[in-house]
Amino acid sequence: MTRNAVEKTSVTLLGLGAMGHALARAWLAAGHPLTVWNRTPDRAAELAREGARVAGSAAETVAANSLVVVCLLDDASVDEVLGGADLSGRDLVNLTTSTPAQARARAEWARERGARYLDGGIMAVPPMIGVPESGGYVFYSGSQELFEQHRQTLDVPARTVHVGEDAGHAALHDVALLSAMYGMFAGAAHAFALIRKEDIDPASLAPLLADWLVAMASSVHQTADQLRGGDYTKGVVSRLAMQVAATPTFLSTAEEQGVSPELLSPYFELMRRRLAEGGGEEGLTGVVDLLVR
């Protein structure tokens, strides 16, 4: 083992699914001593050939190093895997997808067991891990001091972004961004459905659609500015009243093309509700307040 590798932080990793495997390979490639465990042992064979130490149990894996990273199926899996492990004195970094409430509860759970805790939300798919130019990154929340202590190691698989001391904020940022992504996918699906029966090559629509979505993406800054300032008419160029008046055209076009409006109708209904409340001079920001219960 090289002197450089010895000086690097040793990492324990539990969970070797597609994401866990990618994380492991990134740390190994960077020279970090790595101890791994997975409920299906054969998933660790390739990593063992690359230099990872494979532990015989979850408890043994946790005992190997002070920095313990878990990347499991769900929050319940964390209980199942770590339930019998001694976490005292450990720094637990949880990259398992969870809700904000689960993350906060897990932070308290870790504290009661003598561990310090960071929660993480991975904004990447496995092929992006360990590839700096891919644009992938990981949200972290919890102790700023703990984050800074391990930042250099956590930066290896993907760029890190600390989003607050509240342990639930990484999960919240993760789900917020992914929710917006699925909304975009829904709009794209509707667009492709509209041309599906026509003599139009989807490949010819794709670059037009991509460019249009990029152009419209900047509107999130105006939404944020209006939410912060409270003036939903500030900078508006397309009034809600005008946009609502145009919605029948979208619905009629869908009907003509034999396309279900189910991806558009809920949003149009929210627009109509906001208009009925007197928001005709606003843009679309008022819809946000209708969604908050």
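1. **Asn38.** Asn38 sits in the loop between β2 and α3. Helices and strands here are DSSP runs (H or I of at least four residues for helices, E of at least two for strands), numbered from the N terminus. Asn38 is buried, at 12% relative accessible area. The terms are these: buried is under 20% relative accessible area, exposed is over 50%, and partly exposed is in between, with a 1.4 Å probe and protein chains only.

2. **Basis of the model.** This is a predicted model, in which local features need pLDDT of at least 70 and side-chain atom pairs count only at pLDDT 80 or more, while totals for chains, interfaces and linings use all residues. Residues are numbered from 1 along each chain as its sequence is written, and side-chain values use heavy atoms, with hydrogens and water left out.

3. **What Asn38 reaches.** Which backbone atoms lie by the side chain of Asn38? One is the backbone nitrogen of Leu16, at 2.7 Å. Another is the backbone oxygen of Thr40, 3.1 Å from a polar atom of the Asn38 side chain. A polar contact is a pair of N or O atoms within 3.5 Å; within protein, one must be able to donate a hydrogen and the other to accept it, and residues adjacent in sequence count only if both atoms are side-chain atoms. Leaving aside residues up to four places away in sequence, Asn38 touches Gly15, Leu16, Gly17 and Arg43. Contact means heavy atoms within 4.5 Å.

4. **Arg39 and Glu80.** A salt bridge joins the side chains of Arg39 and Glu80, at 2.9 Å from N to O. This pair links distant parts of the chain: Arg39 is in the loop between β2 (34-37) and α3 (45-49), Glu80 is in helix α5 (residues 75-82), and the two are 41 residues apart. A salt bridge needs a side-chain nitrogen of Lys or Arg within 4 Å of a carboxyl oxygen of Asp or Glu. Arg39 is partly exposed, with a relative accessible area of 45%. Glu80 counts as exposed, at 55%.

5. Side chains of opposite charge can pair when their charged atoms come close. The structure holds 16 salt bridges.

6. **A pair within α6.** Arg111 and Glu108 meet in a salt bridge, 2.6 Å from N to O. Both lie in helix α6 (residues 100-112), 3 residues apart, about one turn of the helix. Arg111 counts as exposed at 52% relative accessibility. Glu108 counts as partly exposed at 34%. As for its setting, α6 lies across β5 (91-94) and β6 (116-123), running at about 150° to β6. That angle is between N-to-C directions, on a scale from 0 to 180 degrees, with axes fitted to C-alpha atoms and, for helices, over the stretch in contact.

7. Arg272 forms a salt bridge with Glu269; their closest N and O atoms are 3.1 Å apart. They are 3 residues apart in helix α12 (residues 265-276), so about one helical turn separates them. Arg272 is partly exposed at 33% relative accessibility. Glu269 is partly exposed at 37%. Elsewhere, salt bridges that share partners join Arg25, Glu46 and Glu50 into one network.

8. **Helix α7.** Which residues of α7 (residues 144-154) are buried? They are Leu146, Phe147, His150, Thr153 and Leu154. Seen down the axis of α7, these fall within an arc of 105°, so they line one face of the helix. The arc is taken from the directions from the helix axis to the C-beta atoms. Glu145 and Gln152, on the other side, are exposed. Ser143 caps the N-terminal end, with a side-chain oxygen 3.3 Å from the backbone nitrogen of Glu145.

9. **The sheet.** An open sheet is formed by 8 strands, in the order β3-β2-β1-β4-β5-β6-β7-β8, with mixed pairing. The edges are β3 (53-54) and β8 (159-162), each with a single partner strand, so one side of each has no neighbour in the sheet. Strands pair if DSSP finds at least two bridges between them. β2 and β3 run parallel and are joined by 2 bridges. Arg53 in β3 is the bridge partner of Thr35.

10. **Whole chain.** There are 13 helices and 8 strands. The C-alpha trace spans about 65 × 45 × 35 Å along its principal axes. Of the 293 residues, 40% count as buried. Among contacts with a separation of 6 or more, 58% come from residues 24 or more positions apart.
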